[in-house]
Amino acid sequence: MAFMRYHRALPQGETTVEEFRAWLSQFDANGDGRIGREELERALRSLNLWFAWWKAREAMREADANRNGVVDRDEMVRLYAFAQRHLHLKMNDLEDVTSY
């Protein structure tokens with residue numbers, strides 16, 4: 001018998017950066033505080049997005065500035081910006097993200 005893990009849904013409507021960060025953290029499989037491509041793909045699949053694998057790849061290309069294969073804490077602002085532009089997520093305090 002397979003066990004399914006249920007994830008908390010991304011809040012509808014306008015999302016704060018803190019809510020986005022909390023939502024994304026549940027997909028951090030190894031708990032290192034960084035998001036890899038597979039973890040990001042799993043997060044995007046939970047939103048029922050088409051081509052989640054491709055969007056995860058594109059997000060990593062844009063957000064992973066040092067090309068180490070994960071989005072580190074200091075690169076999260078780039079991931080938030082990608083989500084806002086390409087995934088049409090509305091975040092009301094994106095300009096305040098540098099404080100995280």
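This report describes selected residues and helices of the structure shown above.

## Basis of the description

The model is a predicted one, in which local features need pLDDT of at least 70 and side-chain atom pairs count only at pLDDT 80 or more, while totals for chains, interfaces and linings use all residues. Residues are numbered from 1 along each chain as its sequence is written, and side-chain values use heavy atoms, with hydrogens and water left out.

Helices (DSSP runs of H or I, at least four residues) and strands (DSSP runs of E, at least two) are numbered from the N terminus.

## Glu75, a buried acidic residue

Glu75 sits in the loop that joins β3 (70–71) to α4 (76–86). With a relative accessible area of 4%, Glu75 is buried, a term that stands for under 20% relative accessible area, whereas exposed stands for over 50% and partly exposed for values in between, all with a 1.4 Å probe and protein chains only.

When residues up to four places away in sequence are not counted, Glu75 touches Ala63, Asp64, Ala65, Asn66, Asn68 and Val70, where contact means heavy atoms within 4.5 Å. Ala63 is twelve residues from Glu75 in sequence, and their C-alpha atoms are 6.1 Å apart in space. A polar atom of the Glu75 side chain also lies 3.0 Å from the backbone nitrogen of Ala65.

## Asp28 without a salt bridge

Asp28 is located in the loop between α1 (17–25) and β2 (35–36). Asp28 is buried yet has no salt bridge, and the nearest side chain of opposite charge, that of Arg34, is 7.4 Å away; a salt bridge would require a side-chain nitrogen of Lys or Arg within 4 Å of a carboxyl oxygen of Asp or Glu. In counting charge, Lys and Arg are positive and Asp and Glu negative, with His and the chain ends not counted.

Apart from its neighbours within four places in sequence, Asp28 is in contact with Gly33, Arg34, Ile35 and Glu39.

Helix α2 covers residues 37–46, and its buried residues are Glu39, Leu40, Glu41, Ala43 and Leu44. The cover over the buried residues of α2 includes α1, β2, α3 (52–63) and α4.

Asn48 belongs to the loop between α2 and α3, and at 66% relative accessibility Asn48 counts as exposed. Phe51 lies in the loop between α2 and α3 and is exposed, with a relative accessible area of 51%.

Trp50, Phe51, Trp53 and Trp54 form a nonpolar patch on the surface, with about 550 Å² of accessible area together. Such a patch joins nonpolar side chains (Val, Leu, Ile, Met, Phe, Trp, Tyr) within 5 Å, using residues with over 30% relative accessible area and no salt bridge.

Glu62 is part of helix α3 and, at 25% relative accessibility, counts as partly exposed. Leaving out residues up to four places away in sequence, Glu62 touches Arg78, Phe82, Arg85 and His86. Of these, Arg78 is 16 residues from Glu62 in sequence, with 7.0 Å between the two C-alpha atoms.

Arg67 lies in the loop between α3 and β3, where its phi is near 55°, a positive value in a residue other than glycine. Arg67 is exposed, with a relative accessible area of 57%.

Technical notes: Polar contact = N/O pair within 3.5 Å; in protein donor to acceptor, adjacent residues only side chain to side chain. Patch = residues over 30% accessible without salt bridge, like charges linked within 9 Å, V, L, I, M, F, W, Y side chains within 5 Å. Areas by Shrake-Rupley, 256 points an atom, 1.4 Å probe, with all protein chains shown as cover.
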